[in-house]
Amino acid sequence: MTNSAPPRRVVVTGATGKLGRAVVAHLRAVGVDVLAVDRAGGRDPRDVDGEFLLADLTDYGQVVEAFTGGVDEHADGVEAIVHLAAVPAPGLRSNATTFANNSAATYNVFAAARAAGIKRVVWASSETVLGLPFDTPPPYAPVDEEYAPRPESTYSLNKALEEEMARHFCRWDPELVMVGLRFSNVMDVEDYAPFPSFDADPQARRWNLWGYIDARDGAQAVERALVHDRPGADVFIIANADTVMTRSSASLMAEVYPGVEIRKELGEHETLLSIDKARRMLGYEPRHSWRDHVHPVQRAAW
């Protein structure tokens, strides 16, 4: 694990999304100067706490202006980009619309960062590239970054292409550091109340091997990725250390995916989305669990 000094000024795209809000708050709390960028409809930047810019990332000129201080009232000196903006999941918009938006936005962010001389880019890839919703069983468990992407939706296809795009940007510029974070299903504390009910049907959450990521731990992973200093493109699964279930991880796999190879002895509730690489190379360690936020009465009913 190699790390450098944290960047002083960072652009965060998708800043009004669930993960984006957590990332902006976390980075500002640790002293990073953040320009928050989004195109949320109807938002007036003057009504948003902190420095905020409305921009359409599918317009390359707007992206270049945002990254180079070309917008009035916003300083230059951007040292890193955190790109979270996207249509955030399959099925929210038409396939063609999802692909057109997400591919154009990511290309523009990568290209504008390179044009501006910004050498550090962290972006949101996705757990979906692992083969979600796992109608075809995973090749083994816990799943990790060692097997090739298996996109099963237009959204996931775009994420897989983003990872490939990053590799070529780094081939063109060997000084670039590009880190793709394959985030699991993002959760806020208020999302945890129904978690105990998941035990009634282990099939209901099999689509991502019962994984999740607390938004605060997602923000911590972004901070760790921003100080990663190994040139080139790399990807990391970012999930919490446990599953969404109270049943053991081993029993879940035995019931739902009995033919899948288990490659390690599993802890009782150990995540089946392996975070070993992120722990080893980024120093990422989840600090939160849904189990810390469920009301004691709910816990007693398990």
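In this predicted model, strands S4 and S5 pair in the parallel sense over three bridges. Within that pairing, valine 82 has valine 122 of S5 as its bridge partner. S4 also pairs with S1, again in the parallel sense, over four bridges. There, threonine 13 stands opposite histidine 83 in S4. Both faces of S4 are covered. Ala80 and Val82 are buried on one side, and Ile81 and His83 are buried on the other.

Strands of a sheet pair through backbone hydrogen bonds, in a parallel or an antiparallel sense.

Strand S1 (residues 9-13) pairs with strand S2 (residues 33-38) in the parallel sense over five bridges. Valine 12 stands opposite alanine 36 in S2.

Helix H3 (95-115) has 21 residues. At 1.5 Å a residue, H3 should span 30 Å, and its end C-alpha atoms are 30 Å apart, which agrees. The buried residues of H3 include Thr98, Asn101, Asn102, Ser103, Ala105 and Thr106. Also among them are Asn108, Val109, Phe110, Ala111, Ala112 and Ala113. What covers these buried residues includes H2, S4, S5, H4 and S7. Glycine 117 follows H3 and has a positive phi, near 80°.

Serine 103 is found in helix H3. Its relative accessible area is 18%, so serine 103 is buried, the cut-off being under 20%. The side chain of serine 103 reaches the backbone oxygen of phenylalanine 99 at 2.5 Å. An α-helix has 3.6 residues a turn, so residues three or four places apart point the same way.

Helix H4 (residues 154-172) has 19 residues. At 1.5 Å a residue, H4 should span 27 Å, and its end C-alpha atoms are 27 Å apart, which agrees. Buried residues of H4 include Tyr155, Ser156, Asn158, Lys159, Ala160 and Glu162. Glu163, Met165, Ala166, Phe169 and Cys170 are also among them. The buried residues of H4 pack against helix H3, strand S5 (120-126), strand S7 (177-183) and strand S10 (232-238).

The structure holds 11 aromatic pairs. One of these joins tyrosine 107 and phenylalanine 169. Their ring centres are 6.1 Å apart and their planes stand at 55°, so the pair is tilted. The pair links distant parts of the chain, 62 residues apart: tyrosine 107 lies in helix H3 and phenylalanine 169 in helix H4. Tyrosine 107 is partly exposed, with a relative accessible area of 42%. Phenylalanine 169 is buried, with a relative accessible area of 3%. Phenylalanine 195 and tryptophan 290 also form a tilted aromatic pair. Their separation is 5.3 Å centre to centre, with 55° between the planes. This pair, too, links distant parts of the chain, 95 residues apart. Phenylalanine 195 lies in the loop between strand S8 (186-187) and strand S9 (213-214). Tryptophan 290 lies in the loop between helix H7 (276-282) and helix H8 (296-300). Phenylalanine 195 counts as buried at 1% relative accessibility, and tryptophan 290 counts as buried at 0%. Elsewhere, Tyr107, Phe110, Trp123, Phe169 and Trp172 form one aromatic cluster.

Aspartate 76 lies in the loop between helix H2 (60-68) and strand S4 (80-83). With a relative accessible area of 51%, aspartate 76 is exposed, the cut-off being over 50%. Leaving aside neighbours within four places in sequence, aspartate 76 is in contact with Arg9, Thr68 and Gly69. The C-alpha atoms of aspartate 76 and alanine 66 are separated by 8.5 Å, and the two residues are 10 residues apart along the chain.

Definitions and conventions
Residues are numbered from 1 along each chain as its sequence is written. This is a predicted model: local features need pLDDT of at least 70, side-chain atom pairs count only at pLDDT 80 or more; totals for chains, interfaces and linings use all residues. Side-chain values use heavy atoms; hydrogens and water are left out. Helices (H or I, at least four residues) and strands (E, at least two) are DSSP runs, numbered from the N terminus. Buried means under 20% relative accessible area, exposed over 50%, partly exposed in between (1.4 Å probe, protein chains only). Contact means heavy atoms within 4.5 Å. The expected span of a helix is 1.5 Å times one less than its number of residues. Two strands pair if DSSP finds at least two bridges between them. A polar contact is a pair of N or O atoms within 3.5 Å; within protein, one must be able to donate a hydrogen and the other to accept it, and residues adjacent in sequence count only if both atoms are side-chain atoms. Rings of Phe, Tyr and Trp (its six-membered ring) pair if their centres lie within 6.5 Å; planes under 30 degrees apart count as stacked, over 60 as edge-to-face and the rest as tilted.
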